[in-house]
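Good morning. Today I will go through some side-chain contacts and one stretch of surface.

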Amino acid sequence: MKNKIYLLILLFSCLLSNNIFPNNVQKNDSVNENIKTGWSFLPIPMFSYTSGVGLTFGLNMQMYNYGDGKIYPNLYNLILVQGEYVTSNAGSGRVFFYSGKFLKYFEFVADAGYFVEKNYQFRGFNGFMSVLGNESSYYTFSRNHFAGFLELYKPVYKDLKIAAGIEMFSFDIKPKEGESLFADYVSEGIIDENQINGGNNMYFKLGLIYDSRDVKKVPSKGMYSFASIMYSPDFFDKRNLSHLIFTAQHSHFINLWKRKLQFAYRLVYQGVIAGDCPFYLLPRMHSFNQSRSNVEGVGGAYTVRGIDLVRIVGNSVFYSNFEFRYTPFSFRLWIWDVDLCVNLFFDMGLAVSPYHKEQMFNALENGRSDIIYNTNNDAIHSSYGIGGKIILNKTTVLSGEIGFPVDKRDREFGVFFGVDFLF
């Protein structure tokens, strides 16, 4: 009954946004701030805390090219250099490059990162079908991996683009000695033994993108939607792990009052539609021109805020975000046009179809009720919270948010400090 109520809220919100708050208001209002030109540089310290993960410290070096200023506050080029350290013994480095005029006719993205995680969080599969206890070391293993992306975008009609790209991954996994949830999943056949130490995988992806946002980084109206098909052939390790993934996202931004108050929502679905995806790639949420380098599972800071990181992992997953954004103060400070914003949010997520469901129920029949709940499906996970934003020149967003799960099986809370709106 509770799931049906949540779904009715979701459908009603979408209908409300399209009918009571239509988006066909006047074409983009002129931006009143001083137009910026040329290159600018901004180093941003990053900090976050997530229950079960610990403190994250980092530095985000951002370089913007506004060119002649004709498309300000949108950009011609963006370069990001990021580094992070997590107190749970993890770290990462990443370089990201965006060009809006690659070979004159294309947009281009190149992204590469390396991630060291000595205590990677493993929470099982299929959400509430997995039993979670309080011993944090039981839910970790050691994992290092490389992730690289190359993407091209070509406008085809007005706000519609075609997109193509390649994603490359290399995982090195080292299970810990002694008891762990990971070891239990391997011994029960839920995780195949030929995946225990990771592997190398590549994706070829093709998609369509619709983008009518007035300002890319800080939209007050418009939509951003995409659908993509991704194919991973069994090129490298020959382990019969070819598979096909479908991903769809719809984001809508509705200007309610004078560019000061917006209602925004996002709906995301991702599913394996053919083949068998290796367990270590299953949590990864795929996208285009992704500003965040390592979005995995549903939970944590970037999907359903406040619930456990990688809490929801399934053969197919769905999540949604709904929030009001209010900007009460705007002013000029030295060379920056500054906006102060507060956002109230409600998030939901669900494992729509389970991963290796038969193997999980075999484990339950083997007496493993300590790791598997006696249930056929996941239930909706939800959270709520509040955030604050400092927006500089409509391109740089300093963000802080706190989220609380509705169900305590999803843990306690999460506090996040970083950059950008969630979507």
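Which residues form a nonpolar patch on the surface? They are W257, F324, Y326, V342, L344 and I386, with about 540 Å² of accessible area together. Areas come from the Shrake-Rupley method with a 1.4 Å probe. W257 is found in strand β10 (residues 243-257) and is partly exposed at 41%, where buried means under 20% relative accessible area, exposed over 50%, and partly exposed in between.

Before going on: this is a predicted model, where local features need pLDDT of at least 70, side-chain atom pairs pLDDT 80 or more, and totals for chains, interfaces and linings use all residues. Residues are numbered from 1 along each chain, and side-chain values use heavy atoms, without hydrogens or water.

Now the rings. Phe, Tyr and Trp rings (six-membered for Trp) pair if their centres lie within 6.5 Å: stacked under 30 degrees between planes, edge-to-face over 60, otherwise tilted. The count is 33 aromatic pairs. F122 and F182 make an edge-to-face one, 5.9 Å centre to centre and 85° between the planes. F122 lies in the loop between β5 (106-121) and β6 (140-157) and F182 in helix α2 (residues 181-187), so this pair ties together parts 60 residues apart in sequence. F122 is buried at 5%, and F182 is buried at 3%.

How values were computed: Helix = DSSP H or I, 4+ residues; strand = E, 2+ residues; numbered from the N terminus. Buried < 20%, exposed > 50% of the residue type's maximum accessible area, 1.4 Å probe, protein only. Patch = residues over 30% accessible without salt bridge, like charges linked within 9 Å, V, L, I, M, F, W, Y side chains within 5 Å. Salt bridge = Lys/Arg side-chain N within 4 Å of Asp/Glu carboxyl O.
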